[in-house]
Amino acid sequence: MKVANLVEAMEAIAPTRFAAAWDNVGLIVGDGAGPVSRVLLAVDCTLQVVAEARRERCEAVVAYHPPLFEPTKRFCADSIAYDLARSGIAVYSPHTALDVAKGGTNDALADALGITDRKPLRVIDSPGPAHSEAWGFGRVGALPPTRALTLIDRVKRALGVEQALVAGLVEREVACAAVCAGSGGDFVPDAISAGAQLFLTGELKHHDALRAAGAGLTVVCTLHSVSERIALDGLKRRLEDRLPGVDVVRSRADREPFLFV
């Protein structure tokens, strides 16, 4: 297998044409002709994750967040991109392409909440071949009427956390909910206009939380990367199906930088 085969597999799972215009997705570091027998999955490609990839003899890392967002003029020691290139480790980042993709980040978050009949929270124009289904960011849909506290407990179990930040009403019944992995502030108006009663996301700014609660939304924030990491198990299975003979492993060094103390 080559890095190009990994790129092809990721393109099939999360087409890069669906990524946000500001995003930097695809093969970020590496050579498509390079060999790959082990792939490390992470949300963030930190120096610790790069060191782990070297220890585990992984020739490639699939990091949800791209290690390079902006044009960079220098690649020096202690730079993640420098360390990757020097170690011969390729990095592929799907980011917002995986958010839009069917079975991607937002579908994993909707599954955690129990949303069954779902659609994109914000539909995007579909570039490339026409599709009968709508594609877009976030998810919104119905679920059996359930107490908000029960849903919050369900999410915490699914995401493997003990705490979540909540704004707005807690003692209520929820029959319509919306999700947005990562930072959901831009999607608060979409959740309100869609009639959602609960909005699950990674993080919100203070005034976005006030606006959401003031509009009657129950907001649940799990921390940024916690809301995204739940998608890695599904991505692992899909890559294993498309790359027979390649070991796909979850990073142990990749973790949410914030702790509750």
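The model is a predicted one, and every value below was computed from it. The largest pocket has a volume of about 450 Å³, the second largest pocket has a volume of about 200 Å³, and the structure holds 14 salt bridges.

**The largest pocket**

- Lining this pocket of about 450 Å³ are 23 residues, of which Trp-22, Thr-96, Ser-183, Asp-186 and Phe-187 are the closest to its centre.
- At least two lining residues come from each of helix H4 (96-100), strand S6 (136-147) and strand S8 (173-183), and S8 gives the most, with four residues.
- By class, the lining of the largest pocket is made up of eight nonpolar, nine polar and six charged residues.

**The second largest pocket**

- Fourteen residues line the second largest pocket, and those that lie nearest its centre are Gly-103, Ala-108, Asp-111, Gly-234 and Arg-237.
- Helix H5 (105-113) and helix H10 (232-242) are the elements that give two or more residues to the lining of this second pocket, with the largest share, five residues, coming from H10.
- The lining of the second largest pocket divides into five nonpolar, four polar and five charged residues.

**Helix H10**

- The buried residues of H10 include Leu-232, Gly-234, Leu-235 and Leu-239, and because they cover an arc of only 155° around the axis, they lie on the same side of H10.
- Arg-237 and Asp-241 are exposed on the other side of H10, and Arg-237 is also one of the residues nearest the centre of the second largest pocket.
- Gly-234 is buried in H10 and is likewise among the residues nearest the centre of that pocket.
- The packing partners of the buried H10 residues are helix H1 (3-13), strand S2 (38-42), strand S3 (60-63), H4, helix H9 (226-229) and strand S11 (247-250).

**Helix H2**

- In helix H2 (residues 47-55), the buried residues are Val-49, Val-50, Glu-52 and Ala-53, and they line one face of the helix because, seen down its axis, they fall within an arc of 160°.
- Gln-48 and Arg-55 are exposed on the face of H2 that is turned away from the buried side.

**Salt bridges**

- Arg-38 and Glu-56 meet through their side chains in a salt bridge (3.2 Å, N to O), which links distant parts of the chain, with Arg-38 in strand S2 and Glu-56 in the loop between H2 and S3, 18 residues apart.
- Within this pair, Arg-38 counts as buried because its relative accessibility is 19%, whereas Glu-56, at 24%, counts as partly exposed.
- Arg-38 and Glu-56 also belong, with Asp-247 and Arg-252, to a network of salt bridges.
- Arg-250 and Asp-233 form a salt bridge in which the closest N and O atoms are 2.8 Å apart, and this pair links distant parts of the chain, Arg-250 being in strand S11 and Asp-233 in helix H10, 17 residues apart.
- Both residues of this pair count as partly exposed, Arg-250 at 27% relative accessibility and Asp-233 at 38%.
- Asp-153 and Lys-156 meet in a side-chain salt bridge (3.6 Å, N to O), and because they are three residues apart in helix H6 (residues 148-159), about one helical turn separates them.
- Asp-153 counts as partly exposed, with a relative accessibility of 36%.

Note on methods: Residues numbered from 1 in each chain as written. Predicted model: local features only at pLDDT ≥ 70, side-chain atom pairs only at ≥ 80, totals over all residues. Heavy atoms only, no water. 1 Å grid on protein atoms, 1.4 Å probe; cavity = no way out; pocket = protein on both sides within 12 Å on 5 of 7 lines; lining within 4 Å. Points joined across faces, edges and corners; volume = space filled by probe spheres on them. Nonpolar A, V, L, I, M, F, W, Y, C, P; charged D, E, K, R; others polar. Buried < 20%, exposed > 50% of the residue type's maximum accessible area, 1.4 Å probe, protein only. Arc of directions from axis to C-beta. Contact = heavy atoms within 4.5 Å. Salt bridge = Lys/Arg side-chain N within 4 Å of Asp/Glu carboxyl O.
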